[in-house]
Structures are given as C-alpha cells and as structure tokens.
Amino acid sequence: MATHTSDKKKYLVGIYDHEETVVSAVKKVQNDGVKVDEVYSPHPIHHIDVYIGHPRTKIPIAAFMFGATGTTLAVTMIVFMMRIDWPMIIGGKNAFYPPTMVPVSFEGTVLIAALGMVATFLVSNLMGPGKQEFMFDRRTTDDKYALVVDLDKNTKSIEEIEAILEKHGASEKPRVVER
Amino acid sequence: MAEAHVHYNLEERYVFTPEQKKKLLMGIGIGAVLFVIGAILVYLGVGSHEAHGATHEGAKGTAHAGAGEHHYNPLTRIWANLWLNGTFFTYIAAMGTLFVAIQYVAYAGWSASIRRVSESFGAFLPFTGVVLLITFFVGGHDLFHWTHHDLYEKGTKTFDPILNGKSAFFFAPLQAGSFPLFWFIRLIAYFGIWYTLYTVIRNNSVKEDYITQKGDFTYHKKNITFSAIFIVIFGYTESTSAWDWIMSIDAHWYSTMFGWYVFASTWVSALAILTLAVVFLKDQGYLKMVNENHLHDLGKFMFAFSVFWTYIWFSQFLLQNYSNIPEEIVYWDERMEKLGGVYSPLIIFNVAVNFIFPFLFLMTRDAKRRSIFLKVTAFGILMGHYLDFYVMIMPGTTKEHGGFFILEIGTVLLFACSFVYVFATTLAKTNLIAKNHPMMEESLHHNI
C-alpha cells in the first residue's frame, strides 16, 4: 500500500454543525468558485444533490429496463408452461388465455425491477455486503456534516479553499484527507 | 428550489367573467338542445343499435328475451343517460370534499394553496340529487328491474327467488314489490349527509379567512374532526350507494369489490378535474404559488389511482371470468359477447384509455411536472372514466338498444357545463386561497 501513496487523491474536508449551515455553505462555496465534491451527513438532506450539482439519477431508466425484462421473462415463462409444455384447461377457457398472464407478469416485473435496482445501486456506488466504506470523518454518522472538496478538480490553492470554507461557517479548521 | 422568499398575493379572488359565463351557458344550451333532439330521436327509434341488432343478431336477441323479461321501453335510454351523468357527477362532487378531508386528516401542507378549488366541487351535489330523484320517479321502473312487483309474487311464473331474497334491501319495511322505502331513504340520506358535511367543512374553511388573531387554529381543528367523520361515513356510504345506484341495475349479479371499483373510478376522475381546474386557473394568471411541484403531486395522484383502478377492475374481471360461475359471468357476458356485441369494443378501450394511456404518459417525472401533459392525461382520464361508468350502467338498462349518439353527447355536455358553472360560481364567492391555513408556508415552499 505504501508504494501507492502518490496515486492517492487529496481532499479537503470542512466540518459543519448544522444542516442549514452546510446547505447554505454548499451554495456559497460554489458561488465563490470552489467545486464541491460531496456532502456527508447523518441523515438525508432534501435536494442536496441538486445544490451540489450532481447530475440527475438514472436509476428510473434502469428500473424501466429491468421491469421490461421482468415482464418479458414472465410472459415467456407462462407461454412456455401453458402453451408448449403442459397445456391445461381451466374454467372452460383456452389453455392459453392472455388475461391469466397479467398477475404473473406483474409479479415478474416488480421482482426483476426491484432486484435490478438494488443491484444497479450497489454496483454504481461500488458497495456490497461486508465492504468497509471509506469515511472522511466518522462523526458524519453521528452529529456532524462534512463538506468534501476534491483538490484535483479545483484550481484554487488549499489555503484559499480553507479560507472560503471557514468563511461560510465551518466549525473547525478544514483537514486534508488522502484517499 | 424556491429558496428566495417570494411574496404571493394570498388575497386574490377568482373572477367568473361574463365571457366565461356566456360560453358555459352556451354549452349548457347546446347540451340541452342536443339532449332534446336525442330524446326525440330515441323516442322515434333512430340512432340506436336496434336496427343493426335486428338484422345481424335478431334471432339471438329474441331467443335471449325469454319468459319473465319485460318489454323494453325506448325511453329507458333517456333515463339511463340522466342516471349515468347524475351518479358520475354526484361522486365527483363528493370526492372534492373527500380530497379536502384527506388533506386535513393527513396534516398535509402541500395542498393548502389548492384547497379552495377542490372544496368548491361539492356545491353541485344538490343539483345531481334532484336529477337522481326525478329520474328515479319518472324512469326508475325502466331502469331498475327489481322495481317490478310481479317478481315477488310467489307461485306466479314471473316469481324470482333470487331477487325475492334480496328484496328487504330495497323494500324494507314495506312489502316487497311496493315502494322501495329503505332504498329511497338511503338515497336521501347519502345526499343529506354528504351535503351537510360539505357545507360544514367549507363554512369552517371560509370562516378561517376572517380570523382576527394570527395562530387561531379553532376552525382548522374543527375541520380535522369533521374531516375524520366525513371520511369514515363516506367510506361506508360510497360503497353502499354504489350498490344502490349502479350494482342494483344488474340485480342478480354481485361483486364484493364494486364499492371500491366505483370509488377508484370516480376518485381518479375527481383528481383529473381538480388538476384541470388548477392548470386552467394557472393559465388565467391565478394561483401563482402553485408551481410544478404541486402539479407533480397531482400528477402522481392521477398516475397512482389510474393504476389502482386497473388493479380493482382487473381483479373483479379476472376472478369472475376465470372461475366462470353462471351467476357471476352473466355480467361480463352482457358486456363482451351478448347483447349483439354492442359493448364489447368499449371494454377493451376502457382498459386502454384508463390504464395504458395514463401509465405511459405520466410515467416520467418530467411529464408530471408539465401542465400540457397533465391537461392531456387528465382530459383522457375523464373521458375514460365516463366511458367506464357508461359500461357499468348501459348494458343493464338499455340492453342491446344502447349506443353513443346525439343523446349521450348532449347529456354529458349539459352536465359537464353545469358542473363547471356551479363550480366556478362557488369558487368566485370566496377567496381563491385559504390564506390563513396554518400550513400555508409549507405549501409555498413545497419542493419535491
């Protein structure tokens, strides 16, 4: 690990005490020309992704794709079972009766869409069971809010950014964290 | 992202301009004229599928009309149309209050700025009440098979043991086959209770506009209580009224989900009307504080309840269709194969327009936030659920003589324009915005 220190990226972490301060800091810091990488907080903050400038999530598209896959799978299954493999006559209807496919294809759609969305979320966030997530500051799981600035993406010097973070309400001196 | 505090005009009032009045009155007039022309045509036997049925399905039709069937009165189609529109708009009017009541009980703040709009629906209740009463007295005998007294005379050829078993539901405490007192009392009670609670909730809401002390929640708290009462009562009476008014047309048949089915259909229609009203008010420059976030919520409501309606409709259909029990399947046979197939295209179209259309149209977030999408979908949903009611009521009443022609267009035009007229008049009477709503700030900053 030690040989790869030069590959590590440098981040500047500003700590804030309140939700309102960090939300207003995100806007003001960006107005001052600093690109904010991410905000870590103990709870979800409404629209913080919009304030940071993250692009909108594409997970609905994944949901639709997985849902369509699920519908197709379920319909294929029913068609195979009721038309090819083992036709059965129920209630005097044809062995292959389209309305009866609806409940199964609905369940298939929901199942595959749900599982697919979880998988998409885990993969796109590089998460998984048992994985230790890197934390910029452990206190963000308790009562602090961390505003993280990626130094590679900013042209300003560390001192300048530090000053800007502190000007907009950072409760302690921003630290440099390597990741 | 409405971060900057904008000051909205909370004092604004909707002005029901003479021009709009003129347009609506013209709509009512044209509707009335079409209704009369259609009624005359129906009386003369023109414009129905009767001739069509006689040539193609004549043999089948006469074989179907066995002993015990009553002679078809051509005027039935007029009563059926009045009944269809009367019940449809009754439910929509009552659902406006239900929307308000749900917002109160759920302590919902986002809808505070559009509360007055849905509050004004209920003013139409007395009108439809009168229509239903008159239609029942004039055409009840043609509409409802169960009103025929010879069904309940034991030992005769026309005696119907199934309806005789159900007769107490209509006729108690009187003798079966006489005046349906129990049924009639319920009809009066529904309108009485719904209209009273509507008036109480609306009056309290209006009084809240004139409170002198800021932070006076008296009327708000009162309305929460009345809303809870309304929701409980409406939950039951909506179901029973659906049995009384619509399911009893096919008196031999029953469905345990019929109350919800009617609820789902009319609730999504009421939401569509609410959305249309809000969007049109915004187009005219009112309701500046209602932005795409509020529209998004209304869109979600329409989307969700379109799916809910489909769920109910399909559950009712699949269980009865697949199990194929004679006493249940008769309802679907009438709509799908029998009666000359008059109604079979409608039932497919019904699902398409009420499910597939809103489902695909309102699926994305952006669609729900654009007023043009909402306008198109809300209008489609409204048409679709009117058609749904048509498929509920017409096959049982007009049988193979039904159709969609001048009479139908005239009646719906008459009712829709009257509804909008009464709604707009009521809306213009008070402030357009419930300005002292305790959660008004939340509505102004609504952001999703």
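**A helix and its surroundings**

Modeller: Of the 448 residues in chain B, 46% are buried (20 or more other C-beta atoms within 10 Å of a residue's own, with C-beta atoms placed from the backbone; exposed is 12 or fewer, partly exposed in between). This is a predicted model, in which local features need pLDDT of at least 70 and side-chain atom pairs pLDDT 80 or more, while totals for chains, interfaces and linings use all residues. Residues are numbered from 1 along each chain as its sequence is written, with chains lettered from A and ligands numbered from 1 in the order written.

Chain B has 17 helices and 0 strands (DSSP runs numbered from the N terminus: H or I of at least four residues for helices, E of at least two for strands). Its radius of gyration is 23 Å, close to the 22 Å of the globule rule for 448 residues, so chain B is as compact as a globular protein of that length (taken over C-alpha atoms; the rule is 2.2 Å times the number of residues to the power 0.38). The C-alpha trace of chain B spans about 75 × 45 × 45 Å along its principal axes.

The part to examine is helix α4 of chain B, residues 76–105. Its 30 residues should span 44 Å at 1.5 Å a residue, and the end C-alpha atoms lie 42 Å apart, which agrees (the expected span is 1.5 Å times one less than the number of residues). Of those 30 residues, 28 are buried, so α4(B) is largely enclosed by the rest of the structure. Just after α4(B), B:Tyr107 has a positive phi of about 55°.
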